[in-house]
Amino acid sequence: MTTTLGQSPLTEERRPDHRTDPARPRVAPAAVGGVEVHDTVAGYSAALDRIRRSGLSIGVVPTMGALHDGHASLIRRAAQECDVVAVSIFVNPTQFGDPADLANYPRTWQSDLAAVGHAGGRLVFAPSVAEMYPDPPGDDLAAPVSVPELSGRWEGASRPGHFDGVATIVVKLLAAAGPCRAYFGEKDFQQLAVVRRVVRDHSLPAEIVGCRTVRDDDGLALSSRNVRLSPDQRRAALALSRALRTGATLVAAGEARGPVVEAAMARVVAAEPLVDLDYAAAVDADDLEPAPRCDGRRPVRLIIAATVGGVRLIDNLDPFDPPRAPGRPVRAEPAELSLR
């Protein structure tokens, strides 16, 4: 079904008659005009094909909904660089290893539609689980897309199968979109690396555009999961960005030993009792392997992950990009990808 928000439905598309996503309402008009909503692959692909035939360029922003200012910055950048912006909203079950995490993931359908329209999006693709996975996805996908050399460490070690789910849904979403520029946030740095590799290896007709992490004024990286933090937990979560800035400051002062930088980041987190650190690492920005040296000869990325009050949070920083002090929000700039 196709719906233009604030108007009556335009066309009818096939809706699967089995297994819809109970957490996502059926597409309905909302109080934002001019945003066209599709919930089938066929209708979405046909709409984008019509746009391209008219000579217009397309920017795509894949999301799992629960949109915040970080997502809005991706949509705004896409709108600046492309004629038409399409935003996908799909909570992908195959990238969740913990059923409780999937169940607790925020669903904010009406506010998401409003956010897309206000940021400059023209189309929304909001399929059901059945539309994207005609055969019910179980513990193992029938034909998963995998990038083991990039997904075995870090998030992949803590969340087995997560990146197979990410890679698989990215292939599906970009195949449905066709030739486009696809915009991702840099906060999920490992995911970005996986996506770029998948697009290259599968010859998908998409240019991946990375965009810098957007932060709150106090330095916390924006995430749809932040809404699950209590005020005390949110204050404790600032230890992640503080640890990254500590590592970057050491590198800027001339400390080139990766393990020393990692130890300094870990000490910052250890001082916050509400934060359970998973990893704090300096990695090669290209292959995500541990970086023994942070001397500028190879691109390096500082990455961190921790659990705060049962909520898993991740963040990262380029140590050669001067860290911004809290109080100055970081807005999207040319740089990177994310489905969080």
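Begin by selecting Gly254, which sits just after helix H10 and takes a positive phi of about 110°. Helices here (H or I, at least four residues) and strands (E, at least two) are DSSP runs, numbered from the N terminus. The model is a predicted one, in which local features need pLDDT of at least 70 and side-chain atom pairs count only at pLDDT 80 or more, while totals for chains, interfaces and linings use all residues. Residues are numbered from 1 along each chain as its sequence is written, and side-chain values use heavy atoms, with hydrogens and water left out.

**The whole chain**

Zoom out to the protein chain, which holds 11 helices and 10 strands. Of its 340 residues, 56% count as buried, where buried means under 20% relative accessible area, exposed means over 50%, and partly exposed lies in between (1.4 Å probe, protein chains only). The accessible surface of the chain comes to about 14200 Å², and 52% of it belongs to carbon and sulfur atoms; such areas come from the Shrake-Rupley method with a 1.4 Å probe, and for residues only the protein chains shown count as cover.

Now select residues 231-252, which make up helix H10. Helix H10 has 22 residues and reaches 32 Å from its first C-alpha to its last, close to the 32 Å expected at 1.5 Å a residue; the expected span is 1.5 Å times one less than the number of residues.

Next select Arg215, which is placed in the loop between strand S7 (206-211) and helix H10. Arg215 is buried, with a relative accessible area of 11%, and its C-alpha atom is separated by 9.5 Å from that of Ser241, 26 residues apart along the chain. Which side chain is joined to that of Arg215 by a polar contact of 2.7 Å? It is the side chain of Asp315, a polar contact being a pair of N or O atoms within 3.5 Å; within protein, one must be able to donate a hydrogen and the other to accept it, and residues adjacent in sequence count only if both atoms are side-chain atoms.

Ser223 is buried, with a relative accessible area of 11%, and a polar atom of its side chain lies 3.1 Å from the backbone nitrogen of Arg225. Leaving aside neighbours within four places in sequence, Ser223 is in contact (heavy atoms within 4.5 Å) with His68 and Lys187.

Select Val311, which is found in strand S10 and, at 2% relative accessibility, counts as buried. The C-alpha atoms of Val311 and Leu229 are separated by 7.3 Å, although the two residues are 82 residues apart along the chain. Leaving aside neighbours within four places in sequence, Val311 is in contact with Arg225, Arg228, Leu229 and Ala306.

S8 pairs with strand S9 (residues 300-308) over nine bridges in the antiparallel sense, and Ala282 has Leu302 in S9 as its bridge partner.

**Strand S6 and its partners**

Turn to strand S6 (180-185). Five of the six residues of S6 are buried, so it is largely enclosed by the rest of the structure. S3 and S6 pair in the parallel sense over two bridges, with Ala182 in S6 as the bridge partner of Val60. S6 and S7 also run parallel, joined by six bridges, and the bridge partner of Tyr183 is Val209 in S7.

**Helix H2**

Finish with helix H2 (residues 69-81), whose 13 residues reach 18 Å from first C-alpha to last, close to the 18 Å expected at 1.5 Å a residue. Where does the cover of its buried residues come from? It includes strand S3 (58-63), strand S4 (84-89), helix H4 (109-119), S6 and S7. The residues of H2 to colour as buried are Gly70, His71, Ala72, Ser73, Leu74, Ile75, Arg77 and Ala78.

Key. Two strands pair if DSSP finds at least two bridges between them.
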